[in-house]
Amino acid sequence: MSCKPTHDSSVSYVKLNQKNELKASELQTWYKKDYMEDTIPGISLDKWFALNKKKPKNNNIIVAIIDTQIDLKHEDLQGQIWTNKKEIPNNGIDDDHNGYIDDINGWSFTGTKSGGYVVWSNYEYVRIVRDWALLFKNKTEFQINTQDQYKYKEYHRALKKLEEKNKYYRNWFKSLNYKAVLFPIAKDTLKYFFPKEDYTFKQLDSMYKKYKINDKTFKQRRDDNDRDLGALIGCMMSSLEMNQNTLEDILEMQTQLDSVINKNLNLDYNERLLIGDNPTILEKGYGNNNVSNNKAGHRPFQDHCTKMAGVIGANRENNIGIKGILQDVKIMPLNISPSGDEHDKDIAMAIRYAVDNGAKIINMSFYKEFSLHKEWVFEAIKYAEENNVLLVHIAGNDGVNIDINPCYPNDNDFENFKEVSSNFINVGSVTHKMNDNFVSDFSNYGKENVDLFAPGEEIYSTSAGNTYKFDSGTSMAAPMVCGTAALIWQYYPNLKAAQVKQIILDSGTSYNFEVIVPGTKDKKVPFSELSKSGKVLNVYNAMKLAEKVSKNK
């Protein structure tokens, strides 16, 4: 390994090292390591804690997580959840006059009038097709006013997406229906060849080649309703490939896809009727106060937010589970995410709630390809900027260039292509592999619209039901940036949000080798070309730079 320092001593340039496999003992904490000391490309968190001797000046940092519901009872989040001390619990009164009754730990903007929560929601492109049909349906571009041209193009982009997804999910659903019938027959038949049912995919593949009576594809066998031995073996192979190891797995996916088709993609489905609000206006008070709801008969929705919370603030001092990025932090859970796309109204109102109730940082580990009311979100982002609040958002997991393919919410309006604020960070995901697969293959990227990268693959965190799990996605990268920002503000509370953003971007680690561009098979570019900063989050460097910037104020 060779290292070339730059003029800024907080930034290191490192060359390719061939250590790509980690031991099981290293995997749970790899993202906290330091490349120079451990040859693992983490965020240098352990290095910061090992060398820092100072005491923080501010122990009251609140990080809002706009996400799903959260497991408030998780052992490793005890003492780490925000409590609204101005509100008297469960008295049915808005004691602090903030517009929300009994909001003890946050608010569920997807809470229903009956005390439950929305499970299924339209995709945003469905809403656009429905809401803008009166303006644009059956009209040519020449019939549209200049000021509506962008919306007209978005309408047709949404219409194309709806048609594509309808076809895709209906085809998938048809395959699942076929599998649901064949799977028990295939399982029973294969017992003749494997009494212990210990077959592998490779063994089934060999059997298939031996017993097949034609060269049909799975789709052809499905459409012909084939049930010969070859078809049965092919069905089991397909199930194993999709991690559908039991009939229950298939039936569960069947149920989910049925809801995708009949709710997510259905122009006539309106989940806001359950909430009882008016989705065309911004207003306070709709939803309910149960941020940890897990109602019987409903699909549970606590996993995602619980993982974000763990990365940021899992208790570092209780000697159980994991250690978050910082100890003295309070997590404010704000629910807006069902199965489907988030509403711009809920995004905007959740940002405003977080700002009004003291959050310094807002984690937004969700994204969508379209935005029906992006102006509401822009106004909320600017409101956060005016109040010195930092927003951290994920780049997304489609493996595309979001300079070309819009990703919302964003601080770029994608209409005039200009940034609307200085307090918004978009985060992509990297792996622990120091080779051309360094950038996660699922991660979105963009020289203009992705600010930096952070570890987001095989991240171990708290999970729903008082458990711990590994997960991957840009969702896991964003909370690392949030935790770093919170740490900076603990020690240097007078810094502005724009300064904290710039410190995080400027202090990252630069890697000077080529990587495979996500979404491609083997196209390579320098790592620095995939984001604005060209860097990976580095906590140690960020804290050193924050000290320097703070002294120069």
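Of the 553 residues of the protein, 56% count as buried. The model is a predicted one. It contains 16 helices and 15 strands. The radius of gyration is 25 Å, which agrees with the value near 24 Å that a compact globule of 553 residues would have.

**Overall dimensions and contacts**

- Taken along the principal axes, the C-alpha atoms of the protein fill a box of roughly 75 × 60 × 55 Å.
- Among contacts with a separation of 6 or more, 75% join residues 24 or more positions apart.

**Helices H4 and H5**

- Helix H4 covers residues 124-136 and helix H5 covers residues 149-190; their axes come within 9 Å and cross at roughly 130°.
- The crossing of H4 and H5 is left-handed.
- On the H4 side, the contact involves Tyr125, Val126, Ile128, Val129, Trp132, Ala133 and Phe136.
- On the H5 side, these residues meet Lys151, Tyr152, Glu154, Tyr155, Ala158, Leu159, Lys161, Leu162 and Lys165.
- By class, the H4 and H5 contact has 12 nonpolar and 4 charged residues, and no polar ones.

**Helices H5 and H8**

- H5 also packs against helix H8 (residues 229-241), where the axes come within 8 Å and cross at roughly 105°.
- H5 and H8 are therefore roughly perpendicular to each other.
- H5 contributes Tyr178, Lys179, Leu182, Phe183, Ile185, Ala186, Lys187, Thr189 and Leu190 to this contact.
- H8 contributes Leu229, Ala231, Leu232, Ile233, Cys235, Met236, Ser238 and Ser239.
- The residues of the H5 and H8 contact divide into 12 nonpolar, 3 polar and 2 charged.

**Helices H14 and H16**

- The axes of helix H14 (residues 474-491) and helix H16 (residues 539-551) cross at roughly 30° and come within 10 Å.
- Angles under 35 degrees count as roughly parallel, and H14 and H16 are therefore described in that way.
- The crossing of H14 with H16 is right-handed.
- Thr484, Leu487, Ile488 and Tyr491 of H14 make the contact with Val539, Ala542, Met543 and Ala546 of H16.
- This contact of H14 with H16 consists of 7 nonpolar residues and 1 polar residue, with no charged residue.

**Tyrosine 269**

- Tyrosine 269 sits in the loop between helix H9 (247-264) and helix H10 (272-275).
- Its relative accessible area is 17%; buried means under 20%, so tyrosine 269 is buried.
- Not counting residues up to four places away in sequence, tyrosine 269 touches Trp120, Ser121, Asn122, Arg130, Asn262, Lys263 and Leu274.
- One of these, asparagine 122, is 147 residues from tyrosine 269 in sequence, while the C-alpha to C-alpha distance between the two is 7.4 Å.

**Alanine 314**

- Alanine 314 is in the loop between helix H11 (303-313) and strand E5 (329-335).
- With a relative accessible area of 0%, alanine 314 is buried.
- Leaving aside neighbours within four places in sequence, the contacts of alanine 314 are Asp76, Leu77, Gln80, Ala309, Ile322, Lys323, Gly324, Gln327 and Thr462.
- Alanine 314 and leucine 390 are 76 residues apart along the chain, and their C-alpha atoms are separated by 21 Å.

How values were computed:
Residues numbered from 1 in each chain as written. Predicted model: local features only at pLDDT ≥ 70, side-chain atom pairs only at ≥ 80, totals over all residues. Heavy atoms only, no water. Axes fitted to C-alpha atoms, helices over the stretch in contact; angles between N-to-C directions. Helix = DSSP H or I, 4+ residues; strand = E, 2+ residues; numbered from the N terminus. Left-handed = near helix turned anticlockwise from the far one by under 90°. Contact = heavy atoms within 4.5 Å. Nonpolar A, V, L, I, M, F, W, Y, C, P; charged D, E, K, R; others polar. Rg over C-alpha atoms; globule rule 2.2 N^0.38 Å. Buried < 20%, exposed > 50% of the residue type's maximum accessible area, 1.4 Å probe, protein only. Parallel < 35°, antiparallel > 145°, perpendicular 65-115°, else oblique.
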